[in-house]
Amino acid sequence: PDDCAQLARELFGKEGLDEQSAARLARESHGSPFFLQELIAYASADDTGPTSLDAAILNRVHRLPEDQQRLLQMIAINGQPIATRDALEAAEVGFSDLEQLRGGHLVRTSGLSRSDFVEPYHDRIRESVAASLSEDQSKRAYRRLAETLETREQTEPHILASHWRAVGNLPRAAGYFEQAAAEAMRKLAFNQAARLFQQQAECLAEPTREQQQTIAANIAQAY
């Protein structure tokens, strides 16, 4: 923390930074020189009050071209690394947009091909971007992801279930939760299967008696 505070004072400029402000920026950066630079850049341009890491991240994101913002949103809300080709297709953008995000240290990839995976550069970027979306923006993004990933045979059903639940299409989500639970049962992951069957039940607003009995039996079998 002391080293980070010293770095903050050095990076802030010739006018310097008092110890209290430097310590606050160091804490907010969580020891990351990358985030510290973002905080200092934002603080230098905005004298309205205390600087938060979320505000600094979103200030950077909102200055991106719209296509790059949309791509970053897709990558952030997926919740885990996503194949580059799937992220690009869902966002309807080109590979150059990904290269710009990668060059700006907003995302990182496992390689340079479209079959490699991409994820946010840091969890705080993922969290800040996802939390900044309105309900409508979030639903549109999840729908595009779900529709894209449904065309990929390798997509795990629990991912599709979560995405369709976020869209608000609960019947569709319930079907994928059931598939995911069945897979967990085959792998002898019984606790996971029980949770997934329970999530299936929660997605069925008015289950039939037969559905209730089947889900109850499945949960009992998993336990």
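The buried residues of helix 10 pack against helix 5 (66-77), helix 9 and helix 11, where contact means heavy atoms within 4.5 Å. Those buried residues are Pro157, Ile159, Leu160, Ala161, His163, Trp164 and Val167, with buried meaning under 20% relative accessible area, exposed over 50%, and partly exposed in between, for a 1.4 Å probe and protein chains only. Helices here are DSSP runs of H or I with at least four residues, strands are runs of E with at least two, and both are numbered from the N terminus.

The model is a predicted one, in which local features need pLDDT of at least 70 and side-chain atom pairs count only at pLDDT 80 or more, whereas totals for chains, interfaces and linings use all residues. Residues are numbered from 1 along each chain as its sequence is written, and side-chain values use heavy atoms, with hydrogens and water left out.

Taken as a whole, the chain has 13 helices and 3 strands, and 44% of its 223 residues count as buried. Among the contacts in the chain with a separation of 6 or more, 51% come from residues 24 or more positions apart.

To return to helix 10 (residues 157-167), its axis and that of helix 11 (residues 170-186) come within 8 Å and cross at roughly 160°; axes are lines fitted to C-alpha atoms, for helices over the stretch in contact, and angles run from 0 to 180 degrees between N-to-C directions. Helix 10 and helix 11 are therefore roughly antiparallel to each other, on a scale where angles under 35 degrees count as roughly parallel, over 145 as roughly antiparallel, 65 to 115 as roughly perpendicular and the rest as oblique. The crossing of helix 10 past helix 11 is left-handed, a term for a near helix turned anticlockwise from the far one by less than a right angle, with right-handed used if it is turned clockwise. On the side of helix 10, the residues that meet helix 11 are Pro157, His158, Leu160, Ala161, Ser162, Trp164 and Arg165, and their counterparts in helix 11 are Leu170, Arg172, Ala173, Tyr176, Phe177, Gln179, Ala180 and Glu183. By class, this contact of helix 10 with helix 11 has 9 nonpolar, 3 polar and 3 charged residues, where Ala, Val, Leu, Ile, Met, Phe, Trp, Tyr, Cys and Pro count as nonpolar, Asp, Glu, Lys and Arg as charged, and the others, Gly among them, as polar. After helix 10 comes Gly168, whose phi is positive, near 105°.

Helix 5 has a further helix contact of its own, with helix 6 (residues 84-91): the two axes come within 9 Å and cross at roughly 125°. That makes helix 5 oblique to helix 6, and their crossing is right-handed. Arg70, Leu71, Met74 and Ile75 of helix 5 meet Ala87, Leu88, Ala90 and Ala91 of helix 6, a contact with 7 nonpolar, no polar and 1 charged residues.

The loop between helix 9 (135-149) and helix 10 holds Arg152, which is buried, with a relative accessible area of 18%. Leaving aside neighbours within four places in sequence, Arg152 is in contact with Arg85, Asp86 and Glu89. Of these, Asp86 lies 66 residues from Arg152 in sequence, yet the C-alpha to C-alpha separation is 8.8 Å.

The strands form an open sheet of 3 in the order 1-3-2, with antiparallel pairing. Strand 1 (82-83) and strand 2 (107-109) stand at the edges, each with a single partner strand, so one side of each is left without a neighbour in the sheet. Two strands count as paired if DSSP finds at least two bridges between them; strand 1 and strand 3 (residues 117-120) pair over 2 bridges, and 3 bridges join strand 2 to strand 3. Within strand 3, Phe117 is the bridge partner of Ala83, while Pro120 is that of Val107.

Finally, Gln200 sits in helix 12 (residues 190-203) and, at 7% relative accessibility, counts as buried. Not counting residues up to four places away in sequence, Gln200 touches Ala174, Phe177, Glu178 and Ile215.
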